[in-house]
Amino acid sequence: MSDFDITSQTMDGMGPHGTKVGLLRVLGPAHVWALGVGIVLVGEYMGWNFAVGKGGAYAALIACWFAGILYSCVAMIDSEVTSTVASAGGQYTQAKHIVGPLMAFNVGLYLVFAYTMLEAANAITAGYLFSVVATMSGHTGELDQRPFIILVIMFLAWLNYRGVLATLTFNLVITSIAFCAILVLFLSTSGILGESILEHAALFEGHELPYGWIGVLAAMHFGLWYYLGIEGTTQAAEEVRSPARSLPFGTLAGIMTLLIAATLTWFMCSGVLPWEYLGDGVNGSVAPLFDTARLSGSTALVWLLGFGTLFATLASANGCINDASRAWFAMGRDKYLPGWFGAVHPRYRTPYRSIIFLVPIALIFALGAPLDQVITFSILSGLLGYTFMPLNIILFRRKWPLETIKRGYEHPFHPIPAITLLTLCGVTFFAVFLGYGTQLVAMIGFYIVVSLWFHFWRYRFVNRGAQFTMPWPKPRGY
Amino acid sequence: MDLWNWLEYGAWALSALLGLHMAFDWLKTDSTYSEDVLTSSREGELEAMAEEHAEKHGVRS
């Protein structure tokens, strides 16, 4: 019998390599699901409908399903690699082991930027939701959104600081409510329970593809919004009880949930709201599911979807804080960043310094940057991360074929998912370039500059010997 | 002043309270424990344990 107990609160069995205080392994597959779906589901409540504005309702549906293929590939590839490289940092740690330090540094920054920007965008959205509720409840004058934006970030950071189990259990509850709200709205508006209010034929007539096929291509940019962030499940790798089982299970269940939620969302909203109104997420339909509920005439549905919108926003910000702090922590632990960030709280067992450090950064973006710019930088960082994944899995399978390392999950049809993902990333880069070319170039320029800084200065501080921790055989060809 | 004005003040106060709580706990933790303990976390401990366990008990994966 083994002489260690990894569930012990005082001695977590992490003695072999000298860990005195490590992250706590307390999560199960449901928490992994809540982390992934929680980050993403806000994209169903708002944001995806900009795709309708780019190319009409059908274009948004095509983008929804193509982006669904892209993210199914992401989920499968991630599940295989992370069930083998089960450490905090997710794709950063994968890149470190499989590609090399410079790639790892870049991927780590993609992750931190994508999640911190998304957290800021969610806080801005929550502030806006509070102002809508204030107006609806008879408040006169303009509500100051800043205290509510700050409260969202501070409360969720505090929750993350206090422990991962409470944080992701909270996410599990509010994400489940937000997902169930979408199902209830579908049952109530589609004719399954009561009378249908959907009028697709009348609304689509003459507006099938208003901007032709280039509109479909442009819609791909916001098609990502349906699923952006599902890859965040990998950040829980060091805190799940059984990484090889829980991570693939939670991630794949998550992408299935999102495929259902995305399709139902498109079906309901496009059947009720005219495409010109639905596609204008600023002056038209800011929260399409909530607007659909309002048009249903049911007060109960309005309340349910109102809470669903707020819960989805909070769940996303909560998951983003969790993920950004793990990526930052992992980089600090390897000295890719100052080692000070690699500290774990001895009581709460969380990367507390990383959590606190990222709070003011999120606040600066939430209070000082426009929402569409914040979202665009989040999408761009995410997209750069997705482009890395196919290269990562191809190298992983080439260096360590299936018979050399036992995986918790083996994704099927390799290399078809990798090639599909790479192709769809290329298409999406072009779509983003059509709308936000300047930001794309600026972002790539930024990563080139920080890469030079890392190569010529920072790498000398990295724990070169200690950074490769997996007990893998020598890679094939080396 | 209506309810929402009070809620605004409440949100400012609660944010400050949560921020102060984190800052206080952070400083207390840093002054109570040595840096060696706080930054002792190492990646791949589970793999190391599995490997050690396999070696100790002659189990091959």
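Two residues are in contact if their C-beta atoms, placed from the backbone, lie within 7 Å. The legends below concern a predicted model.

Figure 1. Take the contacts of chain A between residues at least 6 apart in sequence: 82% of them join residues at least 24 apart. Of the 478 residues in this chain, 58% count as buried.

**Figure 2. The fold of chain A is built with helices.** Chain A has 17 helices and zero strands. Its radius of gyration is 22 Å, close to the 23 Å that the globule rule gives for 478 residues, so chain A is as compact as a globular protein of that length. A box of roughly 65 × 45 × 45 Å, taken along the principal axes, holds the C-alpha atoms of chain A.

**Figure 3. The largest nonpolar core.** This core has 178 residues. A:Ala63 and A:Ile153 have the most contacts inside it. Helix 6 of chain A (residues 101-136) gives the most to this core, with 21 residues.

**Figure 4. Close-up of A:Ile153.** Leaving aside residues up to four places away in sequence, A:Ile153 touches A:Ala123, A:Val359, A:Ala362, A:Leu363 and A:Ala366.

**Figure 5. Helix 11 packs against helix 13 in chain A****.** Helix 11 (residues 243-270) and helix 13 (residues 288-296) of chain A pack at an angle of about 45°. Their axes are 9 Å apart. The two helices are therefore oblique to each other. Their crossing is left-handed. Helix 11 of chain A makes the contact through A:Thr265, A:Met268 and A:Cys269. Helix 13 of chain A contributes A:Pro288, A:Leu289 and A:Thr292.

Technical notes:
Residues are numbered from 1 along each chain as its sequence is written. Chains are lettered from A and ligands numbered from 1 in the order in which they are written. This is a predicted model: local features need pLDDT of at least 70, side-chain atom pairs count only at pLDDT 80 or more; totals for chains, interfaces and linings use all residues. Helices (H or I, at least four residues) and strands (E, at least two) are DSSP runs, numbered from the N terminus. The radius of gyration is taken over C-alpha atoms; the globule rule is 2.2 Å times the number of residues to the power 0.38. A residue is buried if 20 or more other C-beta atoms lie within 10 Å of its own, exposed if 12 or fewer, and partly exposed in between; C-beta atoms are placed from the backbone. A nonpolar core is a set of buried Ala, Val, Leu, Ile, Met, Phe, Trp, Tyr and Cys residues joined through C-beta atoms within 7 Å. Axes are lines fitted to C-alpha atoms, for helices over the stretch in contact, and angles run from 0 to 180 degrees between N-to-C directions. Angles under 35 degrees count as roughly parallel, over 145 as roughly antiparallel, 65 to 115 as roughly perpendicular and the rest as oblique. A crossing is left-handed if the near helix is turned anticlockwise from the far one by less than a right angle, and right-handed if clockwise.
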